[in-house]
Amino acid sequence: MTMIYFVRHAESPFIEGKERSRELSAQGSHAAERVKEMLLDEGIDAILSSPYQRAKDTVQPLADALGLPIAEQEDLRERMAGDLQGHSFLDAKKKLFQDSAFSFPGGESGKAAQSRAIRAFEIILNAYGGKRVAIGTHGDIMTLMLQHYDERFDYHFWLGTTLPDIYRAEFEEGRLVNLARLWSEHQEEG
């Protein structure tokens with residue numbers, strides 16, 4: 001059994017043109033410490049991340065506490081939405097999830113983003129078979145990776161995720177056999 005802990009990044013203020021370098025807000029940094037506390041006793045063997053700063057920053061406290069490096073994986077980066085052409089953020093996301101072949105100008109379709117991420121993810125599954133791996137990730141790309149294994153992971157799943165969020169996915173022989181949400185907005189702090 002291979003355990004993958006998908007850690008969706010914590011709150012990060014949107015800054016136009018700073019997709020790769022956006023850092024966490026003060027609230028996001030506090031939440032990253034909670035992520036560390038939640039995963040500290042899970043027996044994590046390795047930590048990987050999207051190359052985007054907010055994803056790395058969310059798993060950095062855990063990496064520091066465990067003495068593990070964060071291995072960046074370029075193909076786990078977030079899907080580029082592109083020019084939303086006047087659509088609201090939520091309407092644009094819905095459109096992208098409803099039609100996997102659709103992309104906005106300068107953006108990436110769900111099919112293209114999923115294909116890129118799954119190629120990288122399957123290498124991770126093979127390289128870390130039987131291990132526990134935390135992955136610093138993003139809402140769209142996490143949902144698209146999970147959707148590859150189970151089509152129920154769609155726009156409505158994405159809409160229900162939070163900043164941050166943690167899902168423990170159990171894989172057996174390349175198949176997703178169980179998924180549990182570990183993050184709770186209402187859990188006790190401290």
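This is a predicted model: local features need pLDDT of at least 70, side-chain atom pairs count only at pLDDT 80 or more; totals for chains, interfaces and linings use all residues.
View 1. Leaving aside residues up to four places away in sequence, Asn178 touches Arg168, Ala169 and Glu170. Although 175 residues separate Asn178 from Met3 in sequence, the C-alpha atoms of the two residues are 9.6 Å apart in space.

View 2. Strand 5 (165-172) and strand 6 (175-181) pair in the antiparallel sense, and six bridges hold the pairing. Within this pairing, Phe171 stands opposite Leu176 of strand 6. The two strands form a hairpin that leaves two residues between them, and in the turn Glu173 has a positive phi of about 50°.

View 3. Six strands make up an open sheet with mixed pairing, and their order is 3-2-4-1-5-6. Strand 3 (70-72) and strand 6 (175-181) are the edge strands, each pairing on one side only. From one strand to the next, the twist averages 25°. Strand 2 (residues 46-49) and strand 3 run parallel and are joined by three bridges, and Leu48 has Ala71 of strand 3 as its bridge partner. Helix 2 (residues 53-66) lies across strand 1, strand 2, strand 3 and strand 4 (132-137), and its direction is at about 165° to strand 2. Helix 4 (residues 110-127) lies across strand 1, strand 2, strand 4 and strand 5, and runs at about 135° to strand 1.

**View 4. The packing of helix 4 against helix 5.** The axes of helix 4 and helix 5 (residues 139-149) are 9 Å apart where the two helices pack, at an angle of about 75°. Because angles of 65 to 115 degrees count as roughly perpendicular, helix 4 is described as roughly perpendicular to helix 5. On the side of helix 4, the residues that make the contact include Gly110, Ala113, Ala117, Phe121 and Leu125, while those of helix 5 include Ile141, Leu144, Met145 and Tyr149. Helix 5 is mostly covered, with eight of its 11 residues buried; among them are Gly139, Asp140, Ile141, Leu144 and Met145.

**View 5. Arg22 in the loop between strand 1 and helix 1.** Arg22 lies in the loop that runs between strand 1 (2-8) and helix 1 (26-39). With a relative accessible area of 8%, Arg22 is buried, because residues under 20% are placed in that class. Its side chain reaches the backbone oxygen of Ser12 at 3.3 Å. Not counting residues up to four places away in sequence, Arg22 touches Ser12, Pro13, Phe14 and Ile15, and also Gln53 and Arg54.

**View 6. The salt bridge between Glu74 and Arg20.** A search of the whole structure finds 15 salt bridges, and one of these links Glu74 with Arg20, whose closest N and O atoms are 2.3 Å apart. Glu74 lies in the loop between strand 3 and helix 3 (89-98), whereas Arg20 lies in the loop between strand 1 and helix 1, so this pair ties together parts that are 54 residues apart in sequence. Both partners are partly exposed, Glu74 with a relative accessible area of 36% and Arg20 with a relative accessibility of 42%.

View 7. Lys36 is buried, with a relative accessible area of 16%, whereas Glu33 is partly exposed, with a relative accessible area of 36%. Another salt bridge joins Glu42 to Arg168, the closest N and O atoms being 3.7 Å apart. Since Glu42 lies in the loop between helix 1 and strand 2 while Arg168 lies in strand 5, the pair ties together parts that are 126 residues apart in sequence.

Methods:
Residues are numbered from 1 along each chain as its sequence is written. Side-chain values use heavy atoms; hydrogens and water are left out. Helices (H or I, at least four residues) and strands (E, at least two) are DSSP runs, numbered from the N terminus. Buried means under 20% relative accessible area, exposed over 50%, partly exposed in between (1.4 Å probe, protein chains only). A polar contact is a pair of N or O atoms within 3.5 Å; within protein, one must be able to donate a hydrogen and the other to accept it, and residues adjacent in sequence count only if both atoms are side-chain atoms. Contact means heavy atoms within 4.5 Å. Two strands pair if DSSP finds at least two bridges between them. Axes are lines fitted to C-alpha atoms, for helices over the stretch in contact, and angles run from 0 to 180 degrees between N-to-C directions. A salt bridge is a side-chain nitrogen of Lys or Arg within 4 Å of a carboxyl oxygen of Asp or Glu. Angles under 35 degrees count as roughly parallel, over 145 as roughly antiparallel, 65 to 115 as roughly perpendicular and the rest as oblique.
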